[in-house]
Amino acid sequence: MGTGAICRPYDALVVRRRRLLVVFAAAAMVGVSLATTVIFVGLLLSERATAFAVLYHAAATVTAGHSPYRDLSGVKLNEAFEYLPWVALALSPFTRLPFWIAFHLWVALSGTIAVASAWVLARTLGWRRPWLLAASVAVWEVLWRGLLTGQVDGWLLGLETASILASNKGRYGWAGASALAAALIKPQVMWILPVALLWPALARGRAVRYLAGALGAAAVLLAGPALLHPSLLPQWWGSLAHFSTSIASIQPDLAGLPGLLRFTPASWGLTPSLRDPVTVLIVAAGLVWIVQLFWARPSLRAGGSAAADGDAVWLVSLTLGVWVLVAPYSHSNDLLVLLPLLALVVGLDFEAARESDVLGVLACMVVLPELFLFFNPAQVIGRLSVASLAVAALVIVAHRRSPWRWASGSAAGPTSH
């Protein structure tokens, strides 16, 4: 019997074991997600201090003709409304409903938008079974943390997906408008989105149309409220400086690398704040990396092909991932906006999940963001959050599998276009 005949059964056994490992890992990750969601539901059935409560009361205050920006201090800063004025104005229709009805409507809309965005994103990337990504998001505890605490990340994912889809279809005016709208909901997380999407528009000679869409959105969302309530925009800007001083003390579940500084000895005096030199160094390193990605962009494929569209999604998704990694103010629920990058890494229909590095990234993105709940389930927000390690794993593996490394001759090529 030849060596080939011996190797074939051995190779088949290896493939079978790998498939069993993937199936077991997938089942375990679904179990962790469901268990974490059950913990969230148990904690929040009687919890009234949700992020949506802050949004709802700010909208009610603006509707009544008053400022939503209050002078708070200490733990009370968790109740501070720090969004731009247009967000409160946009949510004013919800205040016509009783709070709990408005909250459940908000949860339903946010969840529907997030799951639908996952399906659209999968279709855009060429998945044959887009329901796989949509179903995965539906049981991802990162989504449920955002839903059950009334966060805005479902809407952010929707706008991010809309901007990517519009860019791929050549509708750069709509791409600029939706990207800037996302940035004006959470500037501290999403500012990089309209910047990154400008590059595909430049490559196609549509930068003017893109900028016109972005400026139109800015006029509606910034200038409009400024005309209606001239004092609100300066009040918002003034409130940011006061709120930023609270990040180190009342914001323990940070998703960027600066959040890990809270694990250092207190005698070192390190905090996730732009007043801290280590945090500034982390942010500066991330910005240099982002500039390098933009600078290397001309080496990517250009034109109107599906491959070029995929490269544009990589550019947008990877730069956003790098920023979330180094941002001094992002939270575990904000990992939802990294779904496009995760979808690229796992490949079409999760085909790349059979590879050990991708399977490890999936495990990190499922287990690490809410790991602290299993150690201290009495607290909705805990100081053991290590979401930043999950972001680091995703960004590192994504960069290794991205068109940048592929173009330079690396063996690991892009897994999805």
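This is a predicted model: local features need pLDDT of at least 70, side-chain atom pairs count only at pLDDT 80 or more; totals for chains, interfaces and linings use all residues.
**Around a cavity and a leucine**

Reader: What is the volume of the largest cavity?

Author: Rolling a probe the size of a water molecule over the atoms shows where empty space is left. With a cut-off of 30 Å³ or more, the structure holds one cavity. Its volume is about 50 Å³.

Reader: Which element gives the most to the lining of the largest cavity?

Author: The top giver, with four residues, is H6.

Reader: Moving on to Leu-55, is it buried or exposed?

Author: You'll find Leu-55 in helix H2, which covers residues 51-63. Buried means under 20% relative accessible area. Leu-55 has a relative accessibility of 1%, so it counts as buried.

Reader: Which residues is Leu-55 in contact with, leaving aside its neighbours within four places in sequence?

Author: Leu-55 has a C-alpha atom 9.4 Å from that of Glu-82, and the two residues are 27 apart along the chain. Actual contact takes heavy atoms within 4.5 Å. By that test, and with those sequence neighbours left out, the partners of Leu-55 are Phe-81, Tyr-83, Val-87, Leu-91, Trp-106, Gly-150 and Val-152.

Reader: Let's zoom out: how many helices and strands does the protein have?

Author: H2, where Leu-55 sits, is one piece of the secondary structure. For the whole protein, the tally is 20 helices and zero strands.

Reader: What share of the residues count as buried?

Author: The accessible surface comes to about 18,700 Å², with 69% of that belonging to carbon and sulfur atoms. As for residues, the protein has 417, and the share that counts as buried is 51%.

Reader: What pLDDT does the protein average?

Author: A score of at least 70 is reached by 78% of the residues. Over residues 302-306 the pLDDT is below 50, and that stretch has four contacts beyond near neighbours in sequence. Residues 409-417 also have a pLDDT below 50, with 31 such contacts in the model. Across the protein, the average is 83.

Notes: Residues are numbered from 1 along each chain as its sequence is written. Side-chain values use heavy atoms; hydrogens and water are left out. Helices (H or I, at least four residues) and strands (E, at least two) are DSSP runs, numbered from the N terminus. Buried means under 20% relative accessible area, exposed over 50%, partly exposed in between (1.4 Å probe, protein chains only). Accessible areas come from the Shrake-Rupley method with a 1.4 Å probe; for residues, only the protein chains shown count as cover. On a 1 Å grid over the protein atoms alone, a cavity is a set of points where a 1.4 Å probe fits but cannot get out, and a pocket is an open set with protein on both sides within 12 Å along at least five of seven lines; lining residues have an atom within 4 Å of a point. Grid points are joined across faces, edges and corners, and a volume is the space filled by probe spheres set on the points. pLDDT is the predictor's confidence in each residue, from 0 to 100.
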